[in-house]
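Keep the viewer open as you read.

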Amino acid sequence: MGLKVGIIGCGSITKFRHGPEYQANPYVSELVFFDRNPERAKALAEQFGGSVVQSAEEILQDASVDLVSDCSSNESHEIFSTEALLAGKHVLCEKPIALTLEGAGKIVEAQKKSQKKLMIDHNQRFTPAHQKAKEIILSESLGKVLTFKTTFGHSGPEFWGVNKSNNTWFFKKDRSGLGVAGDLGTHKIDILHYLLDDEIQEVSAFQGALDKVDEHGESIEVCDNLVCSLKTKKGRIGTASFSWTYYGEEDNSTFIYCEKGVLKIYHDPEFQLEVITQTGEEVKYKLETVMTNANQTNTGVIDAFVDCVRLDQPPQVTGEDALLSLKVVLALLESANTKKVITV
Ligand SMILES: NC(=O)c1ccc[n+]([C@@H]2O[C@H](COP(=O)([O-])OP(=O)(O)OC[C@H]3O[C@@H](n4cnc5c(N)ncnc54)[C@H](O)[C@@H]3O)[C@@H](O)[C@H]2O)c1
(Lines give C-alpha, C1' and ligand atoms only; values in the text may rest on other atoms or scores of the structure.)
Protein backbone atom coordinates (compact mmCIF):
# COMPACT_ATOMS: atom_id res chain seq x y z
CA MET A 1 0.00 0.00 0.00
CA GLY A 2 1.34 3.39 -0.98
CA LEU A 3 0.85 6.70 0.74
CA LYS A 4 -2.38 8.69 0.57
CA VAL A 5 -1.93 12.44 0.08
CA GLY A 6 -4.39 15.26 0.76
CA ILE A 7 -3.80 18.52 -1.09
CA ILE A 8 -5.34 21.71 0.29
CA GLY A 9 -5.43 24.52 -2.28
CA CYS A 10 -5.66 23.69 -5.98
CA GLY A 11 -4.11 26.69 -7.71
CA SER A 12 -0.95 27.04 -9.75
CA ILE A 13 1.59 25.46 -7.40
CA THR A 14 -0.58 22.33 -7.18
CA LYS A 15 -1.20 22.26 -10.92
CA PHE A 16 2.45 22.71 -11.91
CA ARG A 17 4.38 21.01 -9.11
CA HIS A 18 2.58 19.12 -6.31
CA GLY A 19 0.03 17.42 -8.61
CA PRO A 20 2.44 16.11 -11.26
CA GLU A 21 5.20 15.28 -8.79
CA TYR A 22 2.95 13.23 -6.47
CA GLN A 23 1.43 11.54 -9.50
CA ALA A 24 4.91 10.54 -10.67
CA ASN A 25 6.09 9.35 -7.26
CA PRO A 26 6.02 5.53 -7.05
CA TYR A 27 5.28 5.49 -3.31
CA VAL A 28 2.10 7.56 -3.58
CA SER A 29 -1.06 5.59 -4.32
CA GLU A 30 -3.90 8.05 -3.82
CA LEU A 31 -4.57 11.79 -4.07
CA VAL A 32 -7.42 13.79 -2.51
CA PHE A 33 -8.00 17.41 -3.52
CA PHE A 34 -9.70 20.24 -1.69
CA ASP A 35 -10.16 23.87 -2.70
CA ARG A 36 -12.84 26.29 -1.60
CA ASN A 37 -13.40 26.78 -5.29
CA PRO A 38 -14.64 23.20 -6.02
CA GLU A 39 -14.15 23.55 -9.77
CA ARG A 40 -10.40 23.87 -9.28
CA ALA A 41 -10.24 20.76 -7.12
CA LYS A 42 -12.30 18.84 -9.68
CA ALA A 43 -10.11 19.92 -12.60
CA LEU A 44 -6.91 18.79 -10.86
CA ALA A 45 -8.44 15.52 -9.62
CA GLU A 46 -9.30 14.78 -13.25
CA GLN A 47 -5.87 15.82 -14.50
CA PHE A 48 -3.79 13.88 -11.96
CA GLY A 49 -6.23 11.16 -10.88
CA GLY A 50 -7.83 11.37 -7.46
CA SER A 51 -10.94 12.34 -5.57
CA VAL A 52 -12.41 15.63 -4.40
CA VAL A 53 -13.66 16.51 -0.92
CA GLN A 54 -15.79 19.46 0.14
CA SER A 55 -13.83 20.59 3.20
CA ALA A 56 -10.34 20.53 4.67
CA GLU A 57 -11.78 18.71 7.71
CA GLU A 58 -12.63 15.74 5.51
CA ILE A 59 -8.92 15.39 4.72
CA LEU A 60 -7.82 15.98 8.30
CA GLN A 61 -10.34 13.52 9.76
CA ASP A 62 -9.60 10.80 7.23
CA ALA A 63 -7.35 8.37 9.11
CA SER A 64 -6.11 6.89 5.84
CA VAL A 65 -4.52 10.20 4.72
CA ASP A 66 -0.81 10.08 5.56
CA LEU A 67 0.52 13.32 4.07
CA VAL A 68 -0.88 16.80 3.51
CA SER A 69 0.41 19.40 1.09
CA ASP A 70 -0.66 22.85 2.23
CA CYS A 71 -0.89 24.80 -1.03
CA SER A 72 -3.33 27.41 0.21
CA SER A 73 -2.53 31.12 0.07
CA ASN A 74 -0.06 32.49 2.62
CA GLU A 75 -2.51 33.61 5.33
CA SER A 76 -4.02 30.11 5.61
CA HIS A 77 -0.82 28.11 6.20
CA GLU A 78 -0.88 28.69 9.94
CA ILE A 79 -4.40 27.25 10.07
CA PHE A 80 -4.20 24.24 7.74
CA SER A 81 -0.62 23.18 8.47
CA THR A 82 -1.12 23.45 12.23
CA GLU A 83 -4.42 21.54 12.14
CA ALA A 84 -3.02 18.88 9.83
CA LEU A 85 -0.02 18.23 12.08
CA LEU A 86 -2.25 18.07 15.16
CA ALA A 87 -4.52 15.64 13.26
CA GLY A 88 -1.49 13.36 12.89
CA LYS A 89 -0.55 14.12 9.27
CA HIS A 90 2.92 14.75 7.88
CA VAL A 91 2.90 18.20 6.30
CA LEU A 92 4.60 19.84 3.34
CA CYS A 93 3.77 23.53 3.73
CA GLU A 94 4.29 26.07 0.98
CA LYS A 95 6.49 29.10 1.53
CA PRO A 96 6.44 31.58 3.14
CA ILE A 97 5.65 29.48 6.20
CA ALA A 98 3.33 32.21 7.55
CA LEU A 99 2.77 35.96 7.61
CA THR A 100 3.96 36.49 11.19
CA LEU A 101 6.33 34.91 13.69
CA GLU A 102 3.33 33.97 15.84
CA GLY A 103 1.74 32.17 12.90
CA ALA A 104 4.96 30.34 12.04
CA GLY A 105 5.45 29.53 15.72
CA LYS A 106 2.07 27.77 15.81
CA ILE A 107 3.13 25.47 12.98
CA VAL A 108 6.52 24.73 14.52
CA GLU A 109 4.92 24.02 17.91
CA ALA A 110 2.33 21.72 16.33
CA GLN A 111 5.18 19.75 14.74
CA LYS A 112 6.94 19.38 18.07
CA LYS A 113 3.74 18.24 19.75
CA SER A 114 2.74 15.79 17.04
CA GLN A 115 6.26 14.57 16.17
CA LYS A 116 5.10 14.31 12.55
CA LYS A 117 7.32 15.42 9.67
CA LEU A 118 7.11 19.07 8.64
CA MET A 119 8.90 20.32 5.55
CA ILE A 120 8.64 23.78 3.99
CA ASP A 121 8.83 24.13 0.21
CA HIS A 122 12.01 26.17 -0.12
CA ASN A 123 12.66 24.32 -3.35
CA GLN A 124 15.75 26.26 -4.44
CA ARG A 125 17.87 24.04 -2.18
CA PHE A 126 17.06 21.06 -4.34
CA THR A 127 18.15 22.34 -7.75
CA PRO A 128 21.25 20.68 -9.25
CA ALA A 129 23.07 24.02 -9.68
CA HIS A 130 22.55 24.99 -6.03
CA GLN A 131 23.53 21.48 -4.92
CA LYS A 132 26.74 21.62 -6.95
CA ALA A 133 27.53 25.14 -5.72
CA LYS A 134 27.08 23.97 -2.13
CA GLU A 135 29.50 21.08 -2.77
CA ILE A 136 32.14 23.46 -4.20
CA ILE A 137 31.74 25.95 -1.35
CA LEU A 138 32.04 23.14 1.23
CA SER A 139 35.20 21.82 -0.46
CA GLU A 140 36.81 25.26 0.01
CA SER A 141 38.58 24.81 -3.34
CA LEU A 142 37.86 28.50 -3.92
CA GLY A 143 38.73 29.41 -0.34
CA LYS A 144 36.29 31.05 2.00
CA VAL A 145 33.20 33.00 0.94
CA LEU A 146 33.68 36.76 1.23
CA THR A 147 30.68 38.42 -0.38
CA PHE A 148 27.63 37.68 -2.52
CA LYS A 149 24.85 39.15 -4.60
CA THR A 150 21.54 37.48 -5.36
CA THR A 151 18.34 38.39 -7.12
CA PHE A 152 14.97 36.84 -7.86
CA GLY A 153 12.54 38.63 -10.07
CA HIS A 154 9.87 37.99 -12.69
CA SER A 155 6.98 39.88 -14.19
CA GLY A 156 4.66 39.28 -11.24
CA PRO A 157 2.23 36.80 -9.66
CA GLU A 158 -0.75 38.06 -11.67
CA PHE A 159 0.82 36.14 -14.56
CA TRP A 160 1.40 32.99 -12.44
CA GLY A 161 -1.45 32.39 -9.97
CA VAL A 162 -4.70 30.67 -10.96
CA ASN A 163 -6.45 34.07 -10.80
CA LYS A 164 -4.62 35.96 -13.56
CA SER A 165 -5.81 39.43 -12.72
CA ASN A 166 -4.91 42.45 -10.62
CA ASN A 167 -7.23 41.40 -7.82
CA THR A 168 -4.96 38.45 -7.04
CA TRP A 169 -4.45 37.66 -3.31
CA PHE A 170 -0.70 38.11 -3.88
CA PHE A 171 -1.34 41.89 -3.95
CA LYS A 172 -3.42 42.00 -0.72
CA LYS A 173 -1.76 42.86 2.56
CA ASP A 174 -3.96 40.57 4.70
CA ARG A 175 -3.32 37.53 2.49
CA SER A 176 0.12 37.93 0.93
CA GLY A 177 1.43 39.83 3.94
CA LEU A 178 4.95 40.41 2.77
CA GLY A 179 4.59 41.16 -0.96
CA VAL A 180 7.54 40.22 -3.14
CA ALA A 181 9.78 39.98 -0.06
CA GLY A 182 7.77 37.01 1.22
CA ASP A 183 7.06 35.57 -2.20
CA LEU A 184 10.51 35.62 -3.83
CA GLY A 185 12.68 37.01 -1.04
CA THR A 186 12.18 34.04 1.31
CA HIS A 187 13.54 31.74 -1.41
CA LYS A 188 16.79 33.68 -1.66
CA ILE A 189 17.21 34.23 2.07
CA ASP A 190 16.82 30.48 2.52
CA ILE A 191 19.31 29.68 -0.27
CA LEU A 192 21.88 32.09 1.20
CA HIS A 193 21.53 30.44 4.62
CA TYR A 194 21.93 27.04 2.97
CA LEU A 195 24.82 27.81 0.60
CA LEU A 196 26.83 29.85 3.07
CA ASP A 197 26.03 27.68 6.09
CA ASP A 198 25.47 30.95 7.87
CA GLU A 199 22.63 33.19 9.04
CA ILE A 200 21.75 36.74 8.06
CA GLN A 201 22.05 38.85 11.15
CA GLU A 202 21.81 42.51 10.10
CA VAL A 203 19.81 44.07 7.28
CA SER A 204 19.17 47.39 5.63
CA ALA A 205 16.53 47.73 2.92
CA PHE A 206 14.45 49.90 0.60
CA GLN A 207 11.05 48.72 -0.59
CA GLY A 208 8.27 50.08 -2.75
CA ALA A 209 5.16 49.40 -4.80
CA LEU A 210 6.71 50.87 -7.92
CA ASP A 211 4.45 49.66 -10.67
CA LYS A 212 1.74 47.16 -9.73
CA VAL A 213 -1.82 48.37 -9.33
CA ASP A 214 -4.86 46.60 -7.88
CA GLU A 215 -8.25 46.07 -9.51
CA HIS A 216 -9.14 49.73 -8.82
CA GLY A 217 -6.00 51.05 -10.47
CA GLU A 218 -4.51 51.95 -7.06
CA SER A 219 -0.94 51.16 -6.09
CA ILE A 220 -0.83 47.73 -4.39
CA GLU A 221 -0.69 47.44 -0.57
CA VAL A 222 2.48 45.36 -0.51
CA CYS A 223 5.92 45.90 -2.04
CA ASP A 224 6.60 44.85 -5.62
CA ASN A 225 10.34 45.55 -5.22
CA LEU A 226 12.77 45.31 -2.35
CA VAL A 227 16.55 45.80 -2.45
CA CYS A 228 18.81 45.27 0.52
CA SER A 229 22.24 44.92 2.08
CA LEU A 230 22.86 41.92 4.30
CA LYS A 231 25.47 41.00 6.91
CA THR A 232 25.80 37.45 8.21
CA LYS A 233 26.81 36.01 11.57
CA LYS A 234 30.14 34.92 10.08
CA GLY A 235 30.76 38.48 8.88
CA ARG A 236 30.04 38.12 5.15
CA ILE A 237 28.33 41.07 3.49
CA GLY A 238 26.26 41.06 0.33
CA THR A 239 23.23 42.38 -1.51
CA ALA A 240 19.86 41.03 -2.65
CA SER A 241 17.04 42.30 -4.87
CA PHE A 242 13.53 40.89 -5.16
CA SER A 243 11.16 42.07 -7.86
CA TRP A 244 7.76 41.49 -9.42
CA THR A 245 8.61 43.98 -12.17
CA TYR A 246 11.41 42.29 -14.09
CA TYR A 247 9.49 42.52 -17.37
CA GLY A 248 10.91 40.79 -20.41
CA GLU A 249 13.18 38.33 -18.63
CA GLU A 250 13.27 36.58 -15.25
CA ASP A 251 16.41 36.71 -13.14
CA ASN A 252 17.09 34.03 -10.54
CA SER A 253 20.86 34.47 -10.26
CA THR A 254 23.26 34.31 -7.35
CA PHE A 255 26.98 35.17 -7.40
CA ILE A 256 29.18 33.94 -4.54
CA TYR A 257 32.60 35.63 -4.40
CA CYS A 258 35.26 33.57 -2.61
CA GLU A 259 38.95 34.16 -1.82
CA LYS A 260 40.12 32.46 -5.05
CA GLY A 261 37.27 32.97 -7.48
CA VAL A 262 33.58 33.37 -8.13
CA LEU A 263 30.61 31.02 -8.50
CA LYS A 264 27.92 32.29 -10.86
CA ILE A 265 24.62 30.45 -10.47
CA TYR A 266 21.83 30.86 -13.04
CA HIS A 267 23.67 33.67 -14.80
CA ASP A 268 23.98 31.91 -18.16
CA PRO A 269 20.82 29.99 -19.15
CA GLU A 270 22.91 27.33 -20.90
CA PHE A 271 25.45 26.78 -18.12
CA GLN A 272 23.61 26.99 -14.82
CA LEU A 273 26.83 27.10 -12.84
CA GLU A 274 30.08 28.81 -13.85
CA VAL A 275 33.21 28.76 -11.74
CA ILE A 276 35.85 31.33 -12.63
CA THR A 277 39.10 31.36 -10.68
CA GLN A 278 41.46 34.22 -9.91
CA THR A 279 44.02 32.63 -12.27
CA GLY A 280 41.56 32.72 -15.16
CA GLU A 281 40.40 29.11 -15.26
CA GLU A 282 36.76 28.67 -16.15
CA VAL A 283 34.56 25.62 -15.60
CA LYS A 284 31.01 25.70 -16.93
CA TYR A 285 28.42 23.18 -15.76
CA LYS A 286 25.40 22.20 -17.80
CA LEU A 287 23.23 20.64 -15.12
CA GLU A 288 19.57 21.26 -15.89
CA THR A 289 17.05 23.18 -17.88
CA VAL A 290 16.26 26.38 -16.03
CA MET A 291 12.94 26.40 -14.25
CA THR A 292 10.96 29.55 -15.00
CA ASN A 293 7.28 30.35 -14.60
CA ALA A 294 6.86 29.21 -18.19
CA ASN A 295 9.03 26.10 -17.89
CA GLN A 296 8.28 23.95 -14.84
CA THR A 297 10.66 21.06 -14.20
CA ASN A 298 10.56 18.50 -11.37
CA THR A 299 11.67 20.31 -8.24
CA GLY A 300 12.58 17.14 -6.33
CA VAL A 301 10.77 18.51 -3.29
CA ILE A 302 7.87 16.08 -3.37
CA ASP A 303 10.21 13.09 -3.77
CA ALA A 304 12.33 14.38 -0.87
CA PHE A 305 9.25 14.85 1.33
CA VAL A 306 7.88 11.39 0.51
CA ASP A 307 11.29 9.84 1.24
CA CYS A 308 11.55 11.72 4.53
CA VAL A 309 8.19 10.24 5.58
CA ARG A 310 8.63 6.69 4.36
CA LEU A 311 12.26 6.32 5.45
CA ASP A 312 11.74 8.30 8.68
CA GLN A 313 14.49 10.78 7.81
CA PRO A 314 14.80 14.41 8.94
CA PRO A 315 13.21 16.87 6.49
CA GLN A 316 15.67 18.75 4.29
CA VAL A 317 14.01 22.10 5.05
CA THR A 318 12.62 22.31 8.59
CA GLY A 319 10.01 24.60 10.12
CA GLU A 320 12.84 26.26 12.05
CA ASP A 321 14.73 26.96 8.80
CA ALA A 322 11.64 28.64 7.37
CA LEU A 323 11.02 30.57 10.58
CA LEU A 324 14.54 31.96 10.30
CA SER A 325 13.96 33.10 6.70
CA LEU A 326 10.68 34.70 7.75
CA LYS A 327 12.48 36.57 10.55
CA VAL A 328 14.91 38.02 8.00
CA VAL A 329 12.07 39.06 5.66
CA LEU A 330 10.24 40.78 8.53
CA ALA A 331 13.48 42.53 9.48
CA LEU A 332 13.90 43.69 5.85
CA LEU A 333 10.43 45.24 5.85
CA GLU A 334 11.04 46.83 9.24
CA SER A 335 14.31 48.30 7.99
CA ALA A 336 12.65 49.72 4.89
CA ASN A 337 9.80 51.19 6.93
CA THR A 338 11.96 52.68 9.72
CA LYS A 339 15.00 53.56 7.56
CA LYS A 340 17.22 51.84 10.12
CA VAL A 341 19.64 48.92 10.11
CA ILE A 342 17.81 46.08 11.85
CA THR A 343 19.37 43.20 13.77
CA VAL A 344 17.40 40.02 13.03
N1 LIG B 1 7.66 26.99 -3.64
C2 LIG B 1 7.48 27.78 -4.66
O3 LIG B 1 8.36 27.97 -5.49
C4 LIG B 1 6.14 28.46 -4.83
C5 LIG B 1 5.77 29.01 -6.07
C6 LIG B 1 4.52 29.61 -6.19
C7 LIG B 1 3.67 29.67 -5.10
N8 LIG B 1 4.07 29.15 -3.90
C9 LIG B 1 3.21 29.23 -2.71
O10 LIG B 1 2.13 28.29 -2.83
C11 LIG B 1 0.96 28.80 -2.21
C12 LIG B 1 -0.18 28.82 -3.24
O13 LIG B 1 0.22 29.64 -4.32
P14 LIG B 1 -0.36 29.49 -5.78
O15 LIG B 1 0.60 30.13 -6.67
O16 LIG B 1 -0.80 28.10 -6.04
O17 LIG B 1 -1.64 30.45 -5.63
P18 LIG B 1 -3.02 30.36 -6.45
O19 LIG B 1 -3.73 31.63 -6.20
O20 LIG B 1 -2.75 29.96 -7.85
O21 LIG B 1 -3.80 29.15 -5.74
C22 LIG B 1 -4.19 29.16 -4.39
C23 LIG B 1 -5.40 28.24 -4.27
O24 LIG B 1 -5.67 28.02 -2.89
C25 LIG B 1 -7.06 28.12 -2.67
N26 LIG B 1 -7.26 28.57 -1.30
C27 LIG B 1 -6.71 29.66 -0.72
N28 LIG B 1 -7.12 29.76 0.55
C29 LIG B 1 -7.96 28.73 0.78
C30 LIG B 1 -8.73 28.30 1.89
N31 LIG B 1 -8.70 28.98 3.04
N32 LIG B 1 -9.46 27.19 1.76
C33 LIG B 1 -9.49 26.51 0.60
N34 LIG B 1 -8.80 26.85 -0.50
C35 LIG B 1 -8.03 27.95 -0.41
C36 LIG B 1 -7.57 29.15 -3.69
O37 LIG B 1 -8.93 29.01 -3.95
C38 LIG B 1 -6.68 28.83 -4.89
O39 LIG B 1 -7.29 27.90 -5.76
C40 LIG B 1 1.34 30.20 -1.70
O41 LIG B 1 1.69 30.13 -0.34
C42 LIG B 1 2.54 30.57 -2.53
O43 LIG B 1 3.43 31.46 -1.88
C44 LIG B 1 5.26 28.55 -3.77
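A polar atom of the Asn 25 side chain lies 2.8 Å from the backbone nitrogen of Tyr 27. That side chain also makes a polar contact with the side chain of Asp 303, at 2.9 Å. Polar contact here means a pair of N or O atoms within 3.5 Å; within protein, one has to be able to donate a hydrogen and the other to accept it, and residues adjacent in sequence count only if both atoms are side-chain atoms. Asn 25 sits in the loop between H1 and E2, and counts as buried because its relative accessibility is 4%. (Buried is under 20% relative accessible area, exposed over 50%, and partly exposed in between, using a 1.4 Å probe and protein chains only.)

A quick word on what you're looking at: this is a predicted model, where local features need pLDDT of at least 70 and side-chain atom pairs count only at pLDDT 80 or more, while totals for chains, interfaces and linings use all residues. Residues are numbered from 1 along each chain as its sequence is written, and side-chain values use heavy atoms, with hydrogens and water left out.

Now step back to strand E1, residues 3-8. (Helices, H or I with at least four residues, and strands, E with at least two, are DSSP runs numbered from the N terminus.) Six of the six residues in E1 are buried. Leu 3, Val 5 and Ile 7 point one way from the strand, while Lys 4, Gly 6 and Ile 8 point the other way. E1 pairs in the parallel sense with strand E2 (residues 28-34) over six bridges; two strands pair if DSSP finds at least two bridges between them. Within that pairing, Gly 6 stands opposite Val 32. To get from E1 to E2 the chain passes through helix H1 (residues 12-24), in a right-handed β-α-β crossover. Right-handed means that, with the strands pointing away from the viewer, the path from the first strand over the helix to the second runs clockwise. E1 also pairs with strand E4 (residues 67-70), again in the parallel sense, over four bridges, and there Val 5 has Leu 67 as its bridge partner.

While you're in this region, find Leu 44 in helix H2 (residues 38-48). Leu 44 is buried, with a relative accessible area of 5%. Leu 44 and Thr 14 are 30 residues apart in sequence, yet 8.1 Å apart in space, C-alpha to C-alpha.

So what surrounds the ligand? There are 29 residues around it, and Asp 35, Asn 74, Trp 160, Val 162 and Trp 169 come nearest; a residue is near if one of its heavy atoms lies within 4 Å. A ligand oxygen is 2.7 Å from an N or O atom in the Trp 169 side chain. An oxygen of the ligand also lies 2.8 Å from a polar backbone atom of Val 162. Taken alone the ligand exposes 850 Å², and the protein buries 93% of that. H1 turns up again here, giving the most to the shell with three residues.

Last stop: an open, mixed sheet of nine strands, in the order E14-E13-E12-E11-E7-E10-E9-E8-E15. Strands E14 (282-285) and E15 (342-343) stand at the edges with a single partner each, so one side of each has no neighbour in the sheet. Inside the sheet, E8 (residues 200-208) and E9 (residues 225-232) pair in the antiparallel sense over eight bridges, with Thr 232 as the bridge partner of Ile 200.

Terms used
Accessible areas come from the Shrake-Rupley method with a 1.4 Å probe; for residues, only the protein chains shown count as cover.
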